[in-house]
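Work through the exercises below with the model open. Each task is followed by a stepwise solution.

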Amino acid sequence: VFLDGPGNGVATVTFLAPGSYYSRVMMATRRPGKKKLPRKSSASREAKTSAHAEEHLLVEAAQSDPARFDALYELHFERVYGFIAARVHDRATAEDLTSEVFCKALANLKSYEWRGVPFVAWLLRIAGNAIIDRSQRASREHPIVDDPPDFGAKHDLRAIEHRARLFQLVKRLPEAQRRVVQERFVDQRSIREIAERLGKSEGAIKQLQLRAIERLRAQMEGGHA
Amino acid sequence: MPRNLPKRPLAEQLDEVVQAMLVSLQQRPEAAPHRTLAPLAAITRELRYLPREEFRATLKSDLQRRASMSVNEGTESAAAATAKAVHYMRPGFTSITPYIIVNGASQFIDFLKNAFDGVERLRVPMPDGRLMHAEVAVGNGIIETGDANEQIPPAPTDIHLYVNDADATFDRALAAGATSIYRPTDEHPSGDRWGALKDPFGNNWYIATPKDWTPGPEGLRSVQPYLHLREAHKMIPFLENAFGAEDLGTHKTPDGRVLHSTMRIGKATLEIDEAHGAYQPKPCVLHVYVPDADAMYAQAMRAGATSVEPPTDKPYGDRSAGVKDPFGNTWYLNTYLGR
């Protein structure tokens, strides 16, 4: 762990070389389970290039007008949150750290340089560092702590993309299914509680839960939202 | 193991996996008992990390605040900018914002998007799915909305909306579910190209493209509340006394009835006229940013307003007071605390 430069406030952690970041982000944009066919490769490379060019424009817009940071937030919230949430133990910490990452990113946006490194890699570097900072703070205050976050094994951008897409798909579930998923997994309510709140039978809630998860699974496999 | 299990509905089996996962602090090993369940269980494991929707929305608006405050702060950190830049209006807001309470706030937001290119800024849902609060940017203005409930009845509002092309906007609004009162015409007394329609939520929209209009203090605001009042001429001195409003131009009939009046509060304007025909009073809710909510509340009370809520600090970062004017409209007088 080292500071990115004196006084700019963005601590960074080198858990992957920039080159491998880039290649892994590229891999992550590929649909899981599909081998890239050679004849498609130039078209898909073009698609990626234009997606990156588009993101570059968004970043430049936000650098000159911070109010435009919105678009980057919308694009990357699920990635950053999912990355953090899988590495910390509770929701409050995940939310805290996610806020910290985006506030730091907004405040230091001008220090982000393109050089082919995707914006998400920059965000995740801030995130990784925030997690480590927090666990080090915790270990100073409470000597007995869990293992520090294990980036080597868990840091897989493909998994991050996968999770981010799942979170996006939840938002587009039919309303009743979406609510059951929210209440069950976010609020961690019991089936009985949800049944009471929604005025449905417990069996109906379990069915909605099943249908939601089956639908999500099918959409994740289909590769399309 | 699967063969020993009695055949039970998949929904039951899946819920057992979910239940075990939710109560367990440990990451479960691959516990899914059979082929159908395994991929579903994999999805549920990821769903443990699902973010709260409210958190996503709140952080977004927090970042928007920080962003708008850091505009003139160079490379200074957002935290320092937040501490320093205190302004009495929440970023993105002007002095007067209509707060339109409806049944079906989500559908209303869809209407604003479809009809007027509204951009959702914030949505705070309640556990039952209704919206506690939402903000939609329309042009350079904002419309706030929320679902009605037992305590807060619907409060539709009439809005004078400035757009680039009244005819095109009018058609889009019709396609989005509005009904025409009259199509845009050049014959309107304002001199603007002006049409009127009604949305499914009880609001009237006066869609106008300005021609020879005297712009307000900040130029034209896209969203202007339009209040049809009984004895409208009495509203003018009330607004002056209660909120320090300025009369930017009033046209009256020879017998003193208000044909049209533009009143300025702070940096924004609202319009009033004498209720007539299809344009009857609709007690509405207006959200006004003022430099000092306590002082303005006291001033409004002296001018004859009744109290809805004395000034209090709100968790969303405003100091806010509520009053009712003698015409039944509710005014929230807010000062943004800049956190």
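**Exercise 1.** Count the salt bridges across the interface of chain B and chain A, and examine one.

*Solution.* Apply the rule: a side-chain nitrogen of Lys or Arg within 4 Å of a carboxyl oxygen of Asp or Glu. One salt bridge joins the side chains of A:Glu74 and B:Lys60, at 2.8 Å, N to O.

The model is predicted; local features need pLDDT of at least 70, side-chain atom pairs pLDDT 80 or more, while totals for chains, interfaces and linings use all residues. Residues are numbered from 1 along each chain as written, chains are lettered from A in written order, and side-chain values use heavy atoms, without hydrogens and water.

**Exercise 2.** Which elements give two or more residues to the side of chain B that touches chain A?

*Solution.* Take helices as DSSP runs (H or I, at least four residues), numbered from the N terminus. The elements are helix 1 (10-23), helix 2 (37-47) and helix 3 (53-70) of chain B. Helix 3 of chain B gives the most, with 11 residues.

**Exercise 3.** Find the area that chain B and chain A bury between them.

*Solution.* Sum over both parts the accessible area (1.4 Å probe) lost on being put together. Now count contacts (heavy atoms within 4.5 Å). 40 residues of chain B touch 46 residues of chain A.

Terms used
Buried area = accessible area lost by both parts, 1.4 Å probe.
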